[in-house]
Amino acid sequence: MTRGSPTSLWRPYTQMKLAAPPLEAVATHGTRIRLADGRELVDGVASWWTAVHGYNHPHIAEAVSRQLSAMPHVMFGGLSHAPAESLAKRLAALLPGDLDHVFFSDSGSVAVEVALKMAAQYWLNRGIAGRTKVLAFRGGYHGDTMGAMSVCDPEEGMHRRFGAWLPEQIFCDLSRTEAEIRSLDATLAHHRDVLAAVIVEPLVQGAGGMRMHPPEVLATIDRLAKRHGIPLIADEIFTGFGRTGSLFACEQAGIVPDIVCLSKALTGGTMTLAATVARTEIFSAFWSDDPAAALMHGPTFMANPLACAAANASLDLFEREPRLAQAQAIGERLADGLADLHGRPGIADIRVLGAIGCVQFDHAPDLATLKERLLARGVWVRPFGDILYLTPALTIDAADLDRLIEAVVQAACDELAPGDG
C-alpha cells in the first residue's frame with residue numbers, strides 16, 4: 001500500500017491520507033516485536049505501557065488458555081464468575097484504604113467515564129443537585145470518549161477541536177508553587193457547590209507529555225479536595241501496576257483517593273480490561289432500596305472471564321517476581337544513560353520516574369524522521385509532541401535496555417546536529 005492509498009483499516013491518531021504504511025507485526029516474545037520483513041525490534045514503550053511483564057509470559061498464557069477452554073465469556077448482568085470475584089477481592093486488598101468496590105469495564109476511557117458518572121450520581125443519590133462539574137488539571141489526558149475528553153487539557157490536548165461538543169469543566173495548574181496552591185484552594189472554594197469531583201493523574205501526566213510532579217503535589221491536591229468535601233478521582237490507568245516504582249502512584253503520596261481508575265497493565269498487556277474502584281463512602285450512596293439509585297452502567301463485555309483470568313495471572317507475577325525492584329533498577333539505568341543529554345543545546349529537560357524516562361526537546365522535532373532514526377537502530381519507540389520517551393517492560397534485560405537508551409540518545413543527538421533535523 002502506498003502513501004494515501006485507501007484502506008479498510010482506520011488507524012489511531014493518524015491522518016490516513018498522509019500516513020506511511022504501518023509496520024506489520026507477526027510475533028512477539030519477551031521485549032521484542034518481530035516484523036513480517038524479518039526485522040526484530042526492541043519495544044521501548046511496552047505497547048502503549050501495557051506489557052509490564054513482557055510479551056507472551058507463559059503464566060498469563062496458561063491462565064488464559066485454561067479459561068478459554070472452560071468459559072471465554074458470560075454476561076455479567078445477573079451472573080457472576082470466579083475470575084471476576086477473585087480479581088475484585090485482590091484489587092481491593094492491594095489498593096490503599098477502603099477502596100473496596102470494583103466496577104469492571106473494558107477500556108481506560110470507559111473507566112474514566114464510569115468514575116465521572118459515579119461522582120455525579122453520588123451527589124444526586126444524596127439529594128444534592130447541581131454538582132455537575134469536574135475540576136481537572138492543565139496538561140492532563142484522561143481518554144478519548146466524550147466525558148473523558150472534557151477533562152483533558154482544553155488547549156494543548158488532542159481533543160481541542162471538540163470543545164463545542166464537550167461539557168464545560170474547570171481547570172487549574174498543578175499545585176507546585178505556593179501561588180498555585182492558593183489558586184487551587186480558591187478555585188475549589190469558589191466552585192464547591194457545582195463540583196462533583198477533582199480528577200488527577202498521580203505523579204505523571206502521561207499522554208500530556210510525561211509531565212512529572214512530586215508526591216507532595218499530589219498530597220496537596222488530596223488535602224485541598226478533602227478540605228472542601230470534594231471527591232478525588234485518581235486516574236492510575238498509566239501509572240498503576242509498578243510503572244512509577246510503587247504498585248500504585250498514589251501510595252507515594254500516602255493518600256487514599258475516593259475513586260481510582262485502572263486499565264492498561266491490568267492484564268499484563270494481553271487483552272482489554274479496566275476497573276473503576278470506589279471507597280466505601282462513595283459506594284454507600286448507591287446502596288439503597290430505591291432502584292433509581294443504582295449505577296446504570298453495564299458494558300457488554302464487563303468482567304470478561306478471559307480478561308479477568310489474565311489480570312489474576314498478572315497479579316500473581318507481581319506477587320512472585322520482583323517487579324517493583326525491576327522498575328527501580330530500570331529508573332536508575334535510565335537516569336544514568338540519559339544523563340549524557342543533560343545540558344545539550346536543544347534539550348529542554350530530562351525526566352525519570354520509576355520505569356519512565358523522558359527527553360524533552362525545546363522544539364517539536366520532525367517526528368517522522370525521528371521514528372525512522374529509531375527504527376534504523378532496531379527499536380520501537382513512539383515520540384510525540386516535543387518528547388522522546390521510554391516505558392519498557394519491567395522485565396527488560398540489561399542489554400535490551402541499554403540498546404534502547406543508546407538509540408534514544410543517538411537519535412536525539414542526530415536531531416540536534418547542526419544543519420540536521
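1. Helices (H or I, at least four residues) and strands (E, at least two) are taken as DSSP runs and numbered from the N terminus. With that in hand, a friendly word on the loop between helix 8 and helix 9, where Met302 is found. This is a predicted model, in which local features need pLDDT of at least 70, side-chain atom pairs count only at pLDDT 80 or more, and totals for chains, interfaces and linings use all residues. Residues are numbered from 1 along each chain as its sequence is written, and side-chain values use heavy atoms, with hydrogens and water left out.

2. Is Met302 buried or exposed? Met302 is buried, since its relative accessible area is 11% (buried is under 20%, exposed over 50%, partly exposed in between, with a 1.4 Å probe and protein chains only). Its contacts (heavy atoms within 4.5 Å) take in His73, Phe76, Phe103 and Phe104, once neighbours within four places in sequence are set aside. Gly77 is 225 residues away from Met302 in sequence, yet the two C-alpha atoms are 8.9 Å apart in space.

3. Thr300 sits in the loop that joins helix 8 (280-284) to helix 9 (305-320). Thr300 is exposed, because its relative accessible area is 62%. Met302, found in the loop between helix 8 and helix 9, is buried at 11%.

4. Where does Ser109 lie? Ser109 belongs to helix 4, which covers residues 108-125. Ser109 has a relative accessible area of 16% and is therefore buried. Beyond residues up to four places away in sequence, Ser109 touches His142, Gly143, Asp144, Thr145 and Ala148.

5. Seven strands make up an open sheet of mixed pairing, in the order 4-12-11-10-7-5-6 (two strands pair if DSSP finds at least two bridges between them). Strand 4 (99-105) and strand 6 (170-172) are the edge strands, and each pairs on one side only. On average, neighbouring strands of this sheet are turned by 20 degrees against each other, direction ignored (axes are lines fitted to C-alpha atoms, for helices over the stretch in contact, and angles run from 0 to 180 degrees between N-to-C directions). Helix 4 packs on this sheet and touches strand 4, strand 5 (133-137), strand 7, strand 10, strand 11 (259-262) and strand 12 (274-279). The direction of helix 4 makes about 25 degrees with that of strand 12.

6. Within this sheet, strand 7 (residues 195-200) and strand 10 (residues 232-235) run parallel and are paired over three bridges. Val200 has Ala234 in strand 10 as its bridge partner.

7. Ser150 is a residue of helix 5, which spans residues 146-150. Its relative accessibility is 5%, so Ser150 counts as buried. Which residues does Ser150 touch, not counting residues up to four places away in sequence? They are Leu166, Pro167, Gln169 and Phe171.

8. Strand 1 (residues 25-29) pairs with strand 2 (residues 32-35) in the antiparallel sense over four bridges, and His29 stands opposite Arg32 in strand 2. The two strands form a hairpin with two residues between them, and Gly30 in the turn has a positive phi of about 60 degrees.

9. Strand 2 also runs antiparallel to strand 3 (residues 40-43), joined by three bridges.
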